[in-house]
Amino acid sequence: MFRGRPAPPTEFELTLCEALTEIFGAGMEELSDIVAELNKRGVNAPDGTNWTEDSFQTEMKKLSA
C-alpha cells in the first residue's frame with residue numbers, strides 16, 4: 001500500500017534533495033564522500049551541525065519511513 005506524504009517537503013528536504021541529486025550526478029557513491037561533499041557545500045544536518053556518516057544514515061531512515 002502506498003503511503004502519501006502528510007505534508008509538502010520542507011525547505012530542508014528540498015535543499016538536501018537538490019544537493020544529493022548533484023552529488024550522485026557527479027558520480028559520488030561512497031558514504032564518506034557524500035557526507036564530506038554535503039559538509040563542503042554547507043548543507044547541514046537538521047540540527048545545524050555538520051553531517052557524520054551516522055547522522056546521515058539516521059536521517060535517511062527517518063525520511064524514508
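A residue is buried when its relative accessible area is under 20%, exposed when over 50%, and partly exposed in between, using a 1.4 Å probe and protein chains only. By that rule, W51 is buried, with a relative accessible area of 4%.

This is a predicted model, where local features need pLDDT of at least 70, side-chain atom pairs count only at pLDDT 80 or more, and totals for chains, interfaces and linings use all residues. Residues are numbered from 1 along each chain as its sequence is written, and side-chain values use heavy atoms, with hydrogens and water left out.

**Overall layout**

The protein has three helices and zero strands. Along the sequence the pattern reads α-α-α. Helices (H or I, at least four residues) and strands (E, at least two) are DSSP runs, numbered from the N terminus. The C-alpha atoms fill a box of roughly 35 × 25 × 20 Å along the principal axes. Of the 65 residues, 22% are buried.

**The core**

A nonpolar core is a set of buried Ala, Val, Leu, Ile, Met, Phe, Trp, Tyr and Cys residues joined through side-chain atoms within 4.5 Å. The largest one here has 11 residues, among them L16, A19, L38, V43, W51 and F56. Helix 1 and helix 2 (31-41) each supply at least two of its residues. Helix 1 gives the largest share, four residues. In soluble globular proteins, nonpolar side chains tend to be buried together.

Contact means heavy atoms within 4.5 Å. Leaving out residues up to four places away in sequence, A19 touches L38, R41 and V43.

**The aromatic rings**

Rings of Phe, Tyr and Trp (its six-membered ring) pair if their centres lie within 6.5 Å; planes under 30 degrees apart count as stacked, over 60 as edge-to-face and the rest as tilted. The structure holds two such pairs. In one of them, the rings of W51 and F56 have centres 5.6 Å apart and planes at 80°, so the pair is edge-to-face. Ring pairs link F12, W51 and F56 into a cluster.

**A buried glutamate**

E13 sits in helix 1 (residues 11-25). A polar atom of the E13 side chain lies 2.8 Å from the backbone nitrogen of T10. Beyond its neighbours within four places in sequence, E13 is in contact with R5, P8 and L63.

| Residue | Relative accessibility | Class |
|---|---|---|
| W51 | 4% | buried |
| F56 | 7% | buried |
| E13 | 18% | buried |

Definitions and conventions. A polar contact is a pair of N or O atoms within 3.5 Å; within protein, one must be able to donate a hydrogen and the other to accept it, and residues adjacent in sequence count only if both atoms are side-chain atoms.
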